[in-house]
Amino acid sequence: MKLKWAYRCEVRDGNPVMIRKNSLWEALGLPWQEHKVIAFVGGGGKTTSMFCLADELAEQGKTVIVTTSTKIRKPENRLVVEAETESDVRDFMKAHEELFTAGKGQVLVTGLSSPEGKFQGMELSELEKLGGLCDVLLVEADGAKMLPLKIPREGEPVLLKETHAVIGCAGLDCLGQTWEEKCFRYELADQVFDQEKGPVITPAHAARILTSERGSRKGAEKLEYRILLNKADDESRLSAGAEVLKALGEEWAGCCVITGHLEG
């Protein structure tokens, strides 16, 4: 998928304002840091957004490694090396050093094929070393079974020790839908909400999950954190995103990005 638009949200006079940016990277507004490790967590659109960001960074001349600490869909039409260890990846890059010339820009996907046809990460101790092979390491750090909203269980997400930033994702197609249909691990909602949540997901519910230390921000309390609202592919979804922004309030609206993508 190609990025249709990306809006960075700012709070002006107490009100959230959406400002269109030229790229997802610009919209996220993350401070640059050498050997940056960025984790994607939460629900809908993680993988699409991760590869979109990887391609943008490669266009800037960065060497980007994309992987997972759990499992992702097996990528198609990508430069992939199946590897069990960091040294396997290092050997591959050395054997194809013409692809990884400094400043040239390249995206490399690494992991292992799993029995169910997905791509899974290598051992955590090996994942920790991958950041030294690239300018940016992007890691999908939990799964949501293709659902737009996610509440993490114990042991999730799986963040690397060197993680600098976490991007908490949600798909706007969750709004107005039932918890059973659109929220992965909805049965854990009591750990996020202090009162009865009701039958359908509201903007306030999504905002709470995305900002809670028991929700998408789990493990990211001391890290750079961004909220990414995906699937704003038309004007009605953008309006829905604006409702989530209001629910986020002044503290969090300025950390939010809203994106839409084009098919194909």
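The buried residues of helix α6 are covered by elements that include β10 (149–150), β11 (165–171), α5 (179–182), β13 (224–230) and α7 (235–253). Helices (H or I, at least four residues) and strands (E, at least two) are DSSP runs, numbered from the N terminus. This is a predicted model, in which local features need pLDDT of at least 70 and side-chain atom pairs count only at pLDDT 80 or more, while totals for chains, interfaces and linings use all residues. Residues are numbered from 1 along each chain as its sequence is written, and side-chain values use heavy atoms, with hydrogens and water left out.

**Helix α6**

- Helix α6 comprises residues 203–211, and His205, Ala206, Ala207, Ile209, Leu210 and Thr211 in this helix are buried.
- Buried denotes under 20% relative accessible area, exposed over 50%, and partly exposed in between (1.4 Å probe, protein chains only).

**The chain as a whole**

- The chain contains seven helices and 14 strands.
- Of its 264 residues, 53% count as buried.
- A compact globule of 264 residues would have a radius of gyration near 18 Å, and the value of 18 Å for the chain agrees with this. The radius of gyration is taken over C-alpha atoms, and the globule rule is 2.2 Å times the number of residues to the power 0.38.
- The C-alpha trace spans about 55 × 35 × 35 Å along its principal axes.
- Among contacts (heavy atoms within 4.5 Å) with a separation of 6 or more, 75% are between residues 24 or more positions apart.

**Surface**

- The accessible surface of the chain is about 12300 Å², and carbon and sulfur atoms account for 45% of that area. Accessible areas come from the Shrake-Rupley method with a 1.4 Å probe; for residues, only the protein chains shown count as cover.

**Strands β1 and β2**

- Strand β1 (residues 2–12) and strand β2 (residues 15–21) run antiparallel and are joined by seven bridges. Two strands pair if DSSP finds at least two bridges between them.
- Arg12 has Asn15 in β2 as its bridge partner.
- The two strands form a hairpin with two residues between them, and Asp13 in the turn has a positive phi of about 55°.

**Val11**

- Val11 belongs to strand β1 and is partly exposed, because its relative accessible area is 29%.
- Leaving aside residues up to four places away in sequence, Val11 touches Pro16, Glu250, Ala253 and Gly254.
- Val11 and Asp190 are 179 residues apart along the chain, and their C-alpha atoms are separated by 30 Å.
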